[in-house]
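Thanks for asking me to look this one over. My notes follow as numbered points, with the cut-offs given where each term comes up.

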Amino acid sequence: MCRTMLYKMVVLFVILLNSYVTRASDPDPVQDFCVANTESASHAKQCKNSSLVTVEDFVYAGIKVPGKFGPTGLSGVSVNSNVFPGLNTLGMSLVRADFEVGGVNVPHFHPRATEIAFVLEGTIYSGFVDTNNKVFAKVIEKGEVMVFPRGLVHFQMNVGDTPATILGSFDSQNPGSQRIPAAIFGSGIKEKLLEKAFGLSSKEISKLKKKLSPH
């Protein structure tokens with residue numbers, strides 16, 4: 001292959017790679033802000049008229065207290081552009097997670113965002129698993145942070161004697177969340193496949209599906 005042809009192929013590869021990376025992350029804003037117009041009937045988030053924007057559009061008080069606790073002892077309150085219009089197009093969001101004693105945030109991942117978790121109160125066993133199935137986990141305490149790389153399975157459990165609270169920050173306004181137990185046993189995958197994959201009986205699979213299927 002001639003040197004000129006090789007050079008052209010390398011340039012093409014770089015262009016295609018850059019195009020992929022650009023599409024894989026939130027786009028850069030092209031204006032100071034775009035407060036979502038919550039009164040618009042459109043599915044696409046339209047910008048509120050800038051002359052009608054006030055400081056209140058950039059303040060949100062919805063995470064002052066925990067939300068409703070689920071069966072695993074976890075309460076999660078998401079803060080995204082759906083509830084906080086001022087975040088629209090800024091490429092970020094966050095979540096408040098509260099844990100009862102022994103509470104668990106089951107293994108899950110965010111397909112579109114890296115997360116940084118900051119412990120506000122309590123003691124949390126926290127970690128993630130890389131694509132080589134290596135676990136990176138330790139107990140973190142109040143004032144410490146841990147990062148979960150984009151797309152990797154991660155988890156948390158309150159191992160302290162008191163309730164715990166974490167504030168998670170994402171580098172996407174729509175990070176997405178896939179909870180592993182519900183994705184596997186609550187999504188309608190054929191039982192025969194699950195039996196072979198996990199070495200469980202039909203009765204055991206049915207019990208898990210009944211417990212984890214959405215109601």
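1. Accessible areas here come from the Shrake-Rupley method with a 1.4 Å probe, and for residues only the protein chains shown count as cover. The chain's accessible surface comes to about 14,000 Å², and 60% of that belongs to carbon and sulfur atoms. Please keep in mind that this is a predicted model, where local features need pLDDT of at least 70, side-chain atom pairs count only at pLDDT 80 or more, and totals for chains, interfaces and linings use all residues. Residues are numbered from 1 along each chain as its sequence is written, and side-chain values use heavy atoms, with hydrogens and water left out.

2. On the overall layout, the chain has 4 helices and 10 strands (DSSP runs numbered from the N terminus: helices are H or I with at least four residues, strands are E with at least two). Read from the N terminus, the order is α-β-β-β-β-β-β-β-β-β-β-α-α-α. With contact meaning heavy atoms within 4.5 Å, 66% of the contacts between residues at least 6 apart in sequence join residues at least 24 apart.

3. Buried residues make up 30% of the 215 residues in the chain (buried is under 20% relative accessible area, exposed is over 50%, and partly exposed is in between, with a 1.4 Å probe and protein chains only). The largest nonpolar core has 13 residues, of which Phe99, Ile124 and Ile166 touch the most other members. Elements giving two or more residues to this core are β2 (93-99), β4, β5 (123-129), β7 and β9 (164-170). A core of this kind is a set of buried Ala, Val, Leu, Ile, Met, Phe, Trp, Tyr and Cys residues joined through side-chain atoms within 4.5 Å. Leaving aside neighbours within four places in sequence, the contacts of isoleucine 124 include Phe99, Ile140, Met157, Val159 and Ile166.

4. Which residues make the nonpolar surface patch? Ile116, Phe118, Leu120, Val145 and Val147 do, over about 390 Å². Patches take residues with over 30% relative accessible area and no salt bridge, joining like charges within 9 Å and nonpolar side chains (Val, Leu, Ile, Met, Phe, Trp, Tyr) within 5 Å. β4 (115-121) and β7 (145-148) each supply at least two residues, and β4 gives the most, with 3. Valine 147 lies in strand β7 and counts as partly exposed because its relative accessibility is 41%.

5. Histidine 110 deserves a look. It lies in the loop between β3 (104-109) and β4, and is buried, with a relative accessible area of 6%. Its side chain makes a polar contact of 3.2 Å with that of glutamate 115 and another of 3.4 Å with that of histidine 154. Here a polar contact is a pair of N or O atoms within 3.5 Å; within protein, one must be able to donate a hydrogen and the other to accept it, and residues adjacent in sequence count only if both atoms are side-chain atoms. Not counting residues up to four places away in sequence, histidine 110 also touches Arg150, Phe170 and Pro175, among others. Histidine 110 and phenylalanine 148 are 38 residues apart in sequence and 9.2 Å apart in space, C-alpha to C-alpha.

6. The count of salt bridges is 5, where a salt bridge is a side-chain nitrogen of Lys or Arg within 4 Å of a carboxyl oxygen of Asp or Glu. One of them joins aspartate 98 and arginine 96, with the closest N and O atoms 2.6 Å apart. Aspartate 98 is buried at 4% relative accessibility, and arginine 96 is buried at 13%.

7. Another salt bridge joins lysine 142 and glutamate 121 (3.3 Å, N to O). This pair links distant parts of the chain, 21 residues apart: lysine 142 is in the loop between β6 (135-141) and β7, and glutamate 121 is in strand β4. Lysine 142 is exposed at 55%, whereas glutamate 121 is partly exposed at 40%.

8. Aspartate 171 and arginine 150 also meet in a salt bridge (3.7 Å, N to O). Aspartate 171 lies in the loop between β9 and β10 (178-179) and arginine 150 in the loop between β7 and β8 (153-158), so the pair ties together parts that are 21 residues apart in sequence. Aspartate 171 is partly exposed at 38% relative accessibility, and arginine 150 is partly exposed at 33%.
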